[in-house]
Amino acid sequence: MKLQIGIVDDKRYLRQLLAEKINQSSEARVVLLAENGEDFLKKLKELPQSERPAIVLMDLEMPVMNGIEAVGLAKAAFPDIEYLILTVFDEDEKIFDALKAGASGYLLKDESFENILDSMLQVLQDGGVPMSPRIARKVLAMLRAVKMEKEETAKAETNLTARELEILELIVKGLNYQEIAAKLVISPNTVRKHIQNTYQKLHVTTKLGAVKVAMTKRLF
């Protein structure tokens, strides 16, 4: 049985071009064509379940209803259908919003037809999340930024001073009071005082407790 595909794009020539190529392939056939999100939802509801697409190529910027809103609404009503964004836009916000809405991948329109078809198969057969290389780099950068932001927030929430964080990091690395004192050129008593303050701020009473908090909150 051929893979059933939907295409949503406000450009008629592009819808028809993609549909022709898909229908010529031995692996897939187009069961739905729509010019915007609203048109798509209406046609989808009218289709019998057996004729619904397994995956939809969804444009983003369209009149009446854009692709992000359409994916969000359709995912809620028809959770089994997958959505692969196919657009010219590579802005961080659009990528994030599309994936958040429920898209399973994000491709740019300069991708080859072979790669588009292969990406749809990846989603359905392997559970993959295909992305154009430029999009993948942007997503990786966004994830790194989110990770750094969470780490900075965690550090701020502990209210530790720079010296306390420095000493806590050395504790995590396994150094004892004397070794920390020698490394930082301060007295063991000063180290002990900093550690007492650190325990109090982290709400722990032992070295193991402090290490666990440091690792959980990714303070280093």
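Q: Which residues of H7 meet which residues of H9?
A: In this predicted model, the H7 side of the meeting is formed by Arg163, Glu164, Ile167, Leu168 and Ile171. From H9 come Val191, His194, Ile195, Asn197, Thr198, Lys201 and Leu202. Sorted by class, that contact has 6 nonpolar, 3 polar and 3 charged residues.

Q: Why is Thr198 called buried?
A: Thr198 has a relative accessible area of 3%, and buried means under 20%, so the word applies to Thr198. This residue is found in H9. Setting aside neighbours within four places in sequence, Thr198 is in contact with Leu160, Glu164 and Leu168.

Q: How do you know that the buried residues of H8 lie on the same side of that helix?
A: The buried residues of H8 (residues 177-184) are Ile180, Ala181 and Leu184. They cover an arc of only 100° around the axis, and so they share one side of H8. In general, an α-helix has 3.6 residues a turn, so residues three or four places apart point the same way.

Q: What do the buried residues of H8 pack against, and what does the face turned away carry?
A: The buried residues pack against H7 and H9. On the face turned away from them sit the exposed residues Ala182 and Lys183.

Q: Why does Ile180 count as buried?
A: The relative accessible area of Ile180 is 0%; buried means under 20%, so Ile180 qualifies. Ile180, found in H8, is in contact with Ile167, Leu170, Ile171, Leu175 and Val191, leaving aside neighbours within four places in sequence. Its C-alpha atom is separated by 56 Å from that of Asp118, 62 residues apart along the chain.

Q: What makes Asn176 a cap for H8?
A: A side-chain oxygen of Asn176 lies 3.1 Å from the backbone nitrogen of Gln178, at the N-terminal end of H8. A polar contact is a pair of N or O atoms within 3.5 Å, and 3.1 Å falls inside that limit. After H8 comes Val185, whose phi is positive, near 55°.

Q: Which residues of H10 are buried, and what covers them?
A: In H10 (residues 207-216), the buried residues are Gly209, Ala210, Val211, Val213 and Ala214. Their cover includes H7 and H9. Just after H10, Arg218 has a positive phi of about 50°.

Q: Why is Lys138 called partly exposed?
A: Lys138 has 26% relative accessibility. Buried means under 20% and exposed over 50%, so Lys138 falls in between and counts as partly exposed. Lys138 lies in H6 (residues 133-158) and touches Asp90, Asp92 and Ile95, not counting residues up to four places away in sequence.

Q: How many Å separate the C-alpha atoms of Lys138 and Ala182?
A: The separation is 44 Å, and the two residues are 44 residues apart along the chain.

Key: Residues numbered from 1 in each chain as written. Predicted model: local features only at pLDDT ≥ 70, side-chain atom pairs only at ≥ 80, totals over all residues. Heavy atoms only, no water. Contact = heavy atoms within 4.5 Å. Helix = DSSP H or I, 4+ residues; strand = E, 2+ residues; numbered from the N terminus. Nonpolar A, V, L, I, M, F, W, Y, C, P; charged D, E, K, R; others polar. Buried < 20%, exposed > 50% of the residue type's maximum accessible area, 1.4 Å probe, protein only. Arc of directions from axis to C-beta. Polar contact = N/O pair within 3.5 Å; in protein donor to acceptor, adjacent residues only side chain to side chain.
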